[in-house]
Structure formats: structure tokens, C-alpha cells
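This report is meant to be read beside the sequence and the 3D view. Please keep both open while going through the sections below.

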Amino acid sequence: MMKKYLCVLLLGLGTAGFAQKKPVTAYRPTEKEISDAYKNMERLDSVAKNKVYKATVLPHWQPDGQSFWYRNILKDSVAEYLLVDIGTQKKNKAFDHEKMAASLGKITGKAMNASKLKIDEFYGGKALVVKSGENWYSINAETYEAEKIDKPGVSAPKEVGWTRQRPRWMQVRTDSFSTDKKQKAYIRSGNVYISDAKGNKPVQVTFDGNLQKYYGELSWSPDNRFIVVYKISPQQDKTVGFFLTSLPNTTRGEARIRPYSQPGDENPTYEMFIIKTADKSISKVNTEIIDFFENPVIRWRDDNRHFTFEKVDRGHQRFRVIEADAETGKTGDIIDEKTDTFIYEQKIYTYYIPDKKEIIWVSEKDGWRHMYLVDELSGKANPITKGDWVVRGIDSVNVKSREIWFQASGMNPSEDPYHIHYYRIGFDGKNLVKLTHANATHRLTFTPDRVYYLDTYSRMDTPPVTELRKTSDGSLVMELEKADISDYLATGLKLPEIFTAKARDGKTDLWGIVYRPSKFDPKKKYPVIENIYAGPQDSFVPKAFFSYGEMQSMAELGFIVVQVDGMGTFNRSKAFHDVCWKNLADAGLPDRIMWIKQLADKYPQIDTARVGLYGTSAGGQNSLGALLFHPDFYKAAVSACGCHDNRVDKQWWNEQWMGYPVGKHYEEQSNVTNAHKLKGDLLLIVGEADTNVPPESTYRVADALIKANKEFELLTIPGMGHSDGGLYGRRKKRDFFVKSLLGVKPPNRNK
């Protein structure tokens, strides 16, 4: 299937790749040519919309769980509704579109276009039940006579098997009342009291609490013999401010102040205690004070004496699952992971199986992100998966069959290592079943009973295919849809190229994409613009197909626009990721430079003497950093809402990668500290109402540049939050690169 599609694409793309003839000259358009290029770009921005059909199959399950309907979008936005019966493996029109339009038009008194029907919900049978707009209708399947009805009491089919992880930032709910609801514990003036359920006969348990350092977060044991409680030392959050200059219906600006923790700020602390309800005694649990991720989930064992909790140390270099004895206060570590760099806290996964005293744990401790089965009693962690590839996510854990359904990348050595594939495997690491097969990135939707699944797969250079398959062995049941991109290609646009080159180590493959103008001239050398975002929290080069976006639009002005994931980003090996540790200024820039140079070695139309880049947020930090630390290669940058100094940005994100406590390296890597090194052309963009990265991060850079007598441009957008600048900012970005890299004036829109 994939091979067939590639052949079709090659025929459609024609000369999509760069010709290998040596270019004659650098591409430097005249003002007339650049004016025409802007017009062509604006034309394509419009005509390229809605030119890909049958790209999305979103199943809406019928009550039987064995059939579903979905909507296809066809040419001219025609809507087609289809009903799939899995048992018979048949796909038919869900209803007669003409008759449905006439029926709904008659009952609503509004003319309905059969090709543009908007059906929000649908249930088949002798009576077709549909929701259109805010109303429900029952329609006879033979006569199409319709009547308006109340919302039907149709039950959705029950889904089985899904296990979704609770976010660690979610506050744990605690209860004042005992499990049997006969007693309650509560806080008064910072101290713990226990009474009966109605508040009678209160007994004071603690006496050293006060409003400045108080007890709180009560958690009862299942048998009501113990209460876990914390002595809390709160911290008043420090604040940041911003100023709104252009509020409507006012004549004055308005200052706003809000809480905002920055790296190094003090956190509240939580000291764990145990109360024995029989004698109202209290004792300290033998564990360190919690100063990060307060109030962890307490999981009691079936003996009602021991419980476990998780502890992530501030600084992100140690993670533990700790067992505590409520009788003695003694503790022991079941899992104790330590690292010299960082543990990616947000990607820690633990799934507890209490009756087996087992934990499924995902860790990068052996250099790649893999699953382990941990024996809670011995602490032994047996690998479930292993190899030079990564577990991307866990969909579900089936305790009865002792299977895990998961996503992974990099298991197929001949593929892009970022492609997502789906698998299932036994707790013992045996019986691995691969559910996805095509050389592409996949997205699965399971039937409610998980007996079948819909597999939608694609690449940036290959449009989506959706198939129905069996979960038992991944075998094909029927093909549902293949996206149609013929009208898109007819516009003259081509799909991006997927390009690989070596990283700075000379061994690791870097994967990126390349966009070129639809009117590409192989005799010209084109400037390069890199879309950069090097945030270590993920990888960012898109893998699933989409047809038209800003990168292609910018390319139409006469640029080669590229995007690549360098070292320091996620979803590869731990060593690949560790490059970012206390080193965010690196941003994978040495890898990105090598990648572009290797692209130029293959295609002489790449002009490495004219390279610019743009980015927002962490990408804003990266784009300016490129000019400061690699001015010999990068010549122009647009930096929007950049976190230019990691001491100014939010605590939880920056301490994860830059470490705690705040060291000298924070200052040394700051774009503010290094602003005096600026070479090349720079446009700074900031929204005055940014509540993600404080606007002062950009203003401090501007201040340092002014003091260093540097030339730059600054665009502040009134009322805008964390953004690339919106429509106006994106236009200014394009104009900036036209001036700085093409050397020509953009159109004057004031004339």
C-alpha cells in the first residue's frame, strides 16, 4: 500500500527534488519580482486550503460497539456520511443525503443543501435518530418522515482496557472523614483535631501548629487506624507584572501583577507525620521534607499498616517509590533512581498492581526509555522492553491477561526513528505483537471492546491511509479511506522533502524536513530559513501528514525553509537528550548547522551564506542565541516571546533542564548577558500581556542591546499574550527576512 502511494506521489511531484545542476547566481529578486511573490504567496494561502480530501476518519460508535459512522470531506467542502459494519465488513452511505436534506428542511422550515449537511450525531436503525444543530430528530428510514424529539437516552458502548495516568501536577484530594464516616479530622488554628462525625467530643492531637506553620492534607487509612498528615511551611509566591496599554473604553493603561515562581524561589515544604487514632499520638515519618510535588498519593497495602508514596527531589536528579510503616514510621525505598543529569519528571510512569504487589515503571535508567516490572517486596526491576528504541506511551495495562498496550519509536531500524508504532507485550517481556506495519507514523483508534482498531498512518511526504485491523494479530480487515491530494498538487505545490544527515558526533542521524518554493529555479541559490524550537520537552519536526502551513507559505517568497530536531530534544536516547543538561544555550545548534551544511552538499541551490531562523518561546531563546553564539553561520533571526534568561522564566520548566540550585551557568548562558555579542540582523517580538514568559525577558535583552549600542528591531504588540505575534507579527517576520536575506524591500502596504 505504501509503495503504491509513493509511486503515485513521485509521478505527481515531478521535479520536486532539487536539480543537481550548479546554480548560476544567488536568488535576489527585484522589487517587482518580490511584489509578485507576495501576491502568489497570498493566492496560495487561499487556494491551498481545503484541497485534501478523505484525510480524517473519526469514528462515532453505534450502541452495539460494532458499527460506526464518520464524515468525509470531499471537493468543494461536500460532506459525505458513511456507516461501517465491522461484522459484515461493509461500508455504505449512512443515509440518503437528498432525502435527509429534504426531511430536515421540511421540519425546520429551512432549506438544506444535501451536499453540505451538518450532522453532529447519528444512530441508525428503522428510525434514524440525528442531531443537527441544537435539536434531535427521529426520521423513518424508509419514508424519511421526520419528527422533532427530546435527546434520546442512547447509551454509548462501554470502552474497555484504557488506563490513563494521573498528571503529577494534579492536586490530591484528601478527606476530613474517616473511611467509615464515623469520625472526622480537621484543622483549627493550624492544629489537628479529631471528633465524631458531627463534631462532638473533639480531641486536640497537635499543639505546635500555627497560622504560619500549620498541619494539613489529611489522609485516612482504609481501616481508620491511621491518618497521614503534613506539617506545612507555606511560601508566599513572588510576583511578576505586565502593563496593558490599550484596553478598550479606557484612557489609562493598567498594571497587572500575578504569582510566578522563578528558578531558585523557595517552595512550600511538607513534613510527613502519622497519627494513630486509637491513642491520638503523632510521630514523624522517617523521610525527608518534601519541597517538590507536595502531598503525594498515599497507597495503602492490604495489611492497612504499610503505605507507599512517590517522591521527586527538587533538581530532578532522584525519583523514589517509598514504603512507610505506619506503626513505626520507618521507611524503605522500593524504587530509587538517581542520575548525574536529570530525570524527566513529567514522563515518569508508574502503574500499581496492589494485589500482586507489582509496579509497572517506565524509566530511562539504562539509556533508553523502557518499561520494567518491579516487585514491591524485593525492589527488583525486571525489564519488560529493552533495546535501542524508546517507549513513547502506554495506552493500557490489562492485569488479567498481564499485557501492556503501548506506543514506541525506533524499533524499525530502516525507518524514521520518530515514527510512532503500536504494540502489545506480556508483563514478562514475551509475546510482542506489532499492531502497525506501514513505514509511517500511526494513530490508532480502538473499537470499544478493543477487538478491532482503526489505523491511520501517514508521513509528511505521504497522505493518510485509514485501515480497519484485528487486534489479535494486526491483520487487515478492510481499507476505509485513502486521502486524495490531487487537487493540492494541481496548485503547483509540492510536498516537503524528508532529509537525514549526521549530528555533531558523526554517527547519529538527524531527521528534518525541507520546503522549497513552488516556482523553484534550480539555477538559483536560495537563502535558508530554519524554523527552530529546541525545547527539551519533546521533538518537534512533524511526522504525520499535513498539507499547507506557514513554512510552505514563507518558502513562496524565495526561501528554502527547514526544520530539524537536534541533540538535546526528546524521543531519542538518554545520551541524545542529556546534551541539554545545564546547557539550554546549546539548543542543538552545532547539529543544526551540520545538517544544513550536509543539505547544501547534496543540493547546491542551498545558500549557506544566507541563513536565518525564527522561533517562539524556547524557540525565541534559540533563534537569538544562534546569532550570539554562532554568528559565523546564522545571519538573521526573528525571536518572539523568548525565554532569553532562564532565571526569569518559570521555575518548573527551567529547573528541570538547567538544574537546581541556580548556578553560574544560568547567567553565562543568558541572552541578556551575551547580548553584546550580537552580529547579524535581529527582530524581537513580544506580546505585552504574555503570562507564560514574562515580557521583561525580551525587554531585558532590548535594554542590554541598547547599552551595547547594537542595531535591532523591536515589535511590541498591545494586548497580545504568548505568541509569535499573530497575523501582524508573522507578516513583519516575512518582511524582515525579505529585507535581510533577499536584500530587497517588501511591499509598502501604506501606499
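Strand β21, residues 318-325, is joined to β22 by 7 bridges, and the two run antiparallel. Within this pair, Arg318 stands opposite Lys338 of β22. The model is a predicted one.

The pair belongs to an open sheet of 4 strands, ordered β19-β20-β21-β22, with antiparallel pairing. β19 (299-300) and β22 (331-338) are the edge strands; each has a single partner strand, so one side of each is left without a neighbour in the sheet. As background, strands of a sheet pair through backbone hydrogen bonds, in either a parallel or an antiparallel way.

## Confidence in the model

Across the protein, the mean pLDDT is 94. A pLDDT of 70 or more is reached by 97% of the residues. Residues 1-17 are a stretch where pLDDT stays under 50. For this stretch the model has 31 contacts beyond four places in sequence.

Between them, β3 (residues 67-73) and β4 (residues 79-85) pair in the antiparallel sense over 7 bridges. Tyr70 has Leu82 of β4 opposite it.

The loop between β4 and β5 holds Ile86. Is Ile86 buried or exposed? Its relative accessible area is 2%, so Ile86 is buried. Beyond its neighbours within four places in sequence, Ile86 is in contact with Trp61, Gln66, Phe68, Thr447, Tyr452 and Leu468. Gly65 lies 21 residues from Ile86 in sequence, and the distance between their C-alpha atoms is 9.4 Å.

## Strands β27, β28 and β29

β28 has antiparallel links to two strands: 7 bridges join it to β27 (residues 390-398), and 6 bridges join it to β29 (residues 421-426).

Particular residues mark these pairings. Val397 has Ile404 in β28 as its bridge partner, while Phe406 stands opposite Tyr423 in β29. β27 and β28 form a hairpin, with 4 residues between the two strands. In the turn, Arg402 has a positive phi of about 55°.

## Helices α2 and α12

Two packed helices are described by the angle between their axes and the distance between the axes. For helix α2 (residues 31-47) and helix α12 (residues 726-741), the axes come within 13 Å and cross at roughly 150°. An angle over 145 degrees counts as roughly antiparallel, so α2 is roughly antiparallel to α12. The crossing of α2 past α12 is right-handed.

Which residues meet where α2 and α12 come together? From α2 there are Ile34, Tyr38, Met41 and Asp45, and from α12 there are Arg734, Asp735 and Val738.

## Ser617

Ser617 sits in the loop between β39 (606-616) and α8 (618-629). With a relative accessibility of 11%, Ser617 counts as buried. Leaving out residues up to four places away in sequence, Ser617 touches Tyr533, Ala640, Cys641, Gly642, Cys643, Val693 and His722.

## Backbone exceptions in loops

Most residues other than glycine have a negative phi, and most peptide bonds are trans. Asn50, in the loop between α2 and β2, has a positive phi near 55°. Lys201, in the loop between β11 (191-196) and β12 (203-204), also has a positive phi near 55°. Are these residues buried or exposed? Asn50 has a relative accessibility of 60% and counts as exposed. Lys201 is exposed too, with a relative accessible area of 73%.

A cis peptide bond is found between Tyr660 and Pro661, with omega at about 5°. Pro661 is placed in the loop between α9 (651-658) and α10 (664-668).

Terms used. Residues are numbered from 1 along each chain as its sequence is written. This is a predicted model: local features need pLDDT of at least 70, side-chain atom pairs count only at pLDDT 80 or more; totals for chains, interfaces and linings use all residues. Side-chain values use heavy atoms; hydrogens and water are left out. pLDDT is the predictor's confidence in each residue, from 0 to 100. Contact means heavy atoms within 4.5 Å. Two strands pair if DSSP finds at least two bridges between them. Axes are lines fitted to C-alpha atoms, for helices over the stretch in contact, and angles run from 0 to 180 degrees between N-to-C directions. Angles under 35 degrees count as roughly parallel, over 145 as roughly antiparallel, 65 to 115 as roughly perpendicular and the rest as oblique. A crossing is left-handed if the near helix is turned anticlockwise from the far one by less than a right angle, and right-handed if clockwise. Buried means under 20% relative accessible area, exposed over 50%, partly exposed in between (1.4 Å probe, protein chains only).
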